[in-house]
Amino acid sequence: MAYFKSDYTAGALPEIIDALTATNLEHTPGYGQDHYCKEAERLLLEVCGIPDGQVQFVVGGTQANALVLDGLLGKCQGVLAAETAHINVHESGAIEATGHKILTLPTLDGKIRAEDIDRYVTTFFKDDTWPHMVEPGMVYLSFPTELGTLYTRHELEEISTVCHRHHIPLYIDGARLGYGLSSPACDLTLKDLARLADIFYIGGTKQGALFGEAIVSANARLIPRFLSLVKQHGALLAKGRLLGLQFKTLFTDNLYFRASQRAVDFAMQIRQLMQEAGYPLFIASPTNQQFFTLPNDDMDRLHQHVSFELWGPRGKTSTPVRFVTSWATTAEDIQTLAHALKEIR
């Protein structure tokens with residue numbers, strides 16, 4: 001069986017396991033005050049080009065999103081996001097549970113556009129009754145998007161400009177950030193993201209860490225008493241060094257991007273195999289998530305050899321599906337898929 005259902009089914013990169021094992025009996029301060037967290041923060045701020053910025057490590061992506069939105073939004077404010085945004089579809093109301101509404105914008109490819117943000121905010125404040133409504137207080141987007149698509153530098157610059165014009169922060173969810181930045185279709189760098197976004201996070205859980213995300217901001221005062229907010233949300237890990245050590249390892253010797261690049265390369269091989277087998281793209285994604293439309297009979301037969309995910313409910317005759325590669329994908333996995341496709345065609 002080859003596993004393409006998600007990018008967090010395997011444990012962690014061997015380098016991370018080795019680092020955790022080698023330091024297992026070491027005694028360090030808790031709550032992120034250890035030297036591994038401090039060194040990881042230095043490395044991340046250096047690669048992002050914001051030496052005076054701030055990094056806060058948390059365990060998971062939903063934690064990161066809930067913390068940032070709760071820290072940035074006023075009580076009567078909501079967040080602008082795509083209809084397909086992860087926070088709107090796959091986080092079980094985590095944002096709403098903090099008392100904030102998600103204000104959705106239309107999208108065809110998972111991306112939101114500067115003109116739609118501008119139109120929404122401008123129209124909102126032209127309404128004399130706006131004090132009775134949920135005010136748009138920030139913008140959320142993910143890179144890559146939930147559909148694996150990418151914003152260009154120009155698109156992000158336009159969105160950032162609109163956000164600054166309306167004095168609302170831009171937040172980028174980077175759960176799969178490495179896979180996006182490693183795509184041949186990407187014209188952005190970490191330094192670009194740090195320049196254009198007020199705050200974003202660098203994903204670890206889906207990028208080869210056992211768990212963990214790093215929330216990064218160029219403005220260390222953007223969220224006052226951020227550590228206290230993390231604690232209040234039950235997101236402060238006592239053994240914080242487990243997070244710092246993993247990110248220190250990921251950002252040593254370019255491991256984060258080397259592992260991401262391999263995953264994207266394998267994803268492109270999957271795309272080629274599936275298209276050669278006659279299966280159309282459901283959406284064109286240049287990252288580690290690949291989407292196809294399969295006849296149900298072929299899908300059921302392929303599922304006997306390969307693990308992948310139905311993207312939405314099963315259709316009457318055909319169904320959109322998603323294949324996801326990761327740092328753990330191997331050439332043997334691709335061969336398993338190739339053999340399975342020959343058997344079912």
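Trainee: Is Asn 254 buried, partly exposed or exposed?
Mentor: Keep in mind that this is a predicted model. Asn 254 has a relative accessible area of 45%, so it counts as partly exposed, because that class runs between the 20% and 50% cut-offs.

Trainee: Where is Asn 254 found?
Mentor: In the loop between H11 and helix H12, the latter spanning 255-276.

Trainee: And what is phi of Asn 254 near?
Mentor: Phi of Asn 254 is near 60°, a positive value in a residue other than glycine. Tyr 31 also has phi near 60°, again positive without being glycine.

Trainee: Where is Tyr 31 found, then?
Mentor: Tyr 31 lies in the loop between H1 and helix H2 (35-48). Its relative accessibility is 41%, so Tyr 31 counts as partly exposed.

Trainee: You've mentioned H1 and H11. At what angle do their axes cross?
Mentor: Roughly 135°, with the axes of H1 (residues 14-22) and H11 (residues 241-250) coming within 9 Å.

Trainee: Why call H1 and H11 oblique?
Mentor: Because roughly antiparallel needs an angle over 145 degrees and roughly perpendicular stops at 115, H1 and H11 end up as oblique to each other. The crossing of H1 and H11 is right-handed.

Trainee: Staying on H11, is Thr 249 buried or exposed?
Mentor: Thr 249, which is in helix H11, is buried, with a relative accessible area of 13%. Its C-alpha atom is separated by 31 Å from that of Leu 337, 88 residues apart along the chain.

Trainee: New topic: how do H6 and H7 pack?
Mentor: At an angle of about 15°, with the axes of H6 and H7 (residues 153-165) 8 Å apart. H6 and H7 are therefore roughly parallel to each other, and their crossing is right-handed.

Trainee: What about the peptide bond from Phe 143 to Pro 144?
Mentor: That one is cis, with omega near -5°. Pro 144 is in the loop between S5 and H7.

Trainee: Where is Met 133 found?
Mentor: In the loop between helix H6 (114-126) and strand S5 (135-142). Met 133 has 34% relative accessibility, so it counts as partly exposed.

Conventions
Residues numbered from 1 in each chain as written. Predicted model: local features only at pLDDT ≥ 70, side-chain atom pairs only at ≥ 80, totals over all residues. Heavy atoms only, no water. Helix = DSSP H or I, 4+ residues; strand = E, 2+ residues; numbered from the N terminus. Buried < 20%, exposed > 50% of the residue type's maximum accessible area, 1.4 Å probe, protein only. Axes fitted to C-alpha atoms, helices over the stretch in contact; angles between N-to-C directions. Parallel < 35°, antiparallel > 145°, perpendicular 65-115°, else oblique. Left-handed = near helix turned anticlockwise from the far one by under 90°.
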